[in-house]
Amino acid sequence: ISSIDHIVMTVANMSKTIDFYCSLLGTTLVEFVPPTGGPARKSLHFGKQKINLHDAASPYVTHAKVPQAGSVDLCFITAQSLDDWQRHLANHNVYVEEGPVQKTGAHGALMSLYLRDPDGNLIEISNYI
């Protein structure tokens, strides 16, 4: 295995989730029709990755065995300083649960902030040290 292409996140409120990730975190919303047909789906793009969104009320088949909103823990790497992120989050009245604190990422030591998305998923925003 060389990389993760995408992950799937089950969400309780599609519009709140899209607003949080696009307006606050800067992802780009993309709608796409699966090659097998069916209704259009939504995904959040950033860098070379994407997060596909599944509505908790009607998850796309095939899905996780127990799809549930609020069960994801994501770490995003950013080039912006955590001081800048703290100001940005404060300007949007987003509570930072913890941080900055030192953690360990896939490539070494991180400094991280922790917050929650609208479904209660744990979001970590980090800089490599």
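Are F20 and Y21 buried or exposed? Both F20 and Y21 are buried, where buried means under 20% relative accessible area, exposed means over 50%, and partly exposed is in between, with a 1.4 Å probe and protein chains only. I will come back to that pair.

First, the ground rules. This is a predicted model, in which local features need pLDDT of at least 70 and side-chain atom pairs count only at pLDDT 80 or more, while totals for chains, interfaces and linings use all residues. Residues are numbered from 1 along each chain as its sequence is written, and side-chain values use heavy atoms, with hydrogens and water left out.

Let me start with strand β4. Helices (H or I, at least four residues) and strands (E, at least two) are DSSP runs, numbered from the N terminus. Strand β4 covers residues 49–55, and five of its seven residues are buried. Two strands are said to pair if DSSP finds at least two bridges between them. With strand β1, residues 6–11, β4 pairs in the parallel sense over six bridges. With strand β3, residues 41–46, β4 runs antiparallel, and five bridges join the two. In that pairing K42 is opposite L53 of β4. β3 and β4 make a hairpin with two residues between them, and G47 in the turn has a positive phi of about 55 degrees.

T10 belongs to strand β1 and stands opposite H54 in β4. How far apart are T10 and H54 in sequence and in space? They are 44 residues apart in sequence and 4.6 Å apart in space, C-alpha to C-alpha. T10 is buried, at a relative accessible area of 10%. Contact means heavy atoms within 4.5 Å. Leaving out residues up to four places away in sequence, T10 touches H54, D55, A56, P67, Q68, A69, G70 and D119.

Next, the open sheet. Four strands form it, in the order β5-β8-β7-β6, with mixed pairing. β5 (73–77) and β6 (98–105) stand at the edges with a single partner strand each, so one side of each has no neighbour in the sheet. From one strand to the next the twist averages 35 degrees; for such angles, axes are lines fitted to C-alpha atoms, for helices over the stretch in contact, and angles run from 0 to 180 degrees between N-to-C directions. β6 and strand β7, residues 108–116, run antiparallel and are joined by six bridges. T104 is opposite A109 in β7. Helix α2, residues 82–91, packs on this sheet and touches β6, β7 and β8 (122–128). The direction of α2 makes about 0 degrees with that of β7.

Two backbone details belong to this region. P100 lies in strand β6, and a cis peptide bond joins G99 and P100, with omega of about 5 degrees. N93 lies in the loop between α2 and β6. N93 is not a glycine, yet it has a positive phi of about 55 degrees. N93 is exposed, with a relative accessible area of 73%.

Now back to the rings. How many aromatic pairs does a search of the whole structure find? It finds three. Rings of Phe, Tyr and Trp (its six-membered ring) pair if their centres lie within 6.5 Å; planes under 30 degrees apart count as stacked, over 60 as edge-to-face and the rest as tilted. The F20 and Y21 rings have centres 5.1 Å apart and planes at 75 degrees, so that pair is edge-to-face. The F46 and F76 rings have centres 5.2 Å apart and planes at 80 degrees, so that pair is edge-to-face too. This second pair links distant parts of the chain, with F46 in strand β3 and F76 in strand β5, 30 residues apart. F46 counts as partly exposed at 25% relative accessibility, and F76 as buried at 14%. F20, Y21, F46 and F76 form one aromatic cluster.

Last, the cysteines. A disulfide is a pair of cysteine sulfur atoms within 2.5 Å, and by this rule the count is zero. For C22, the nearest cysteine sulfur is that of C75, 19 Å away. C22 is partly exposed at 22% relative accessibility, and C75 is partly exposed at 36%.
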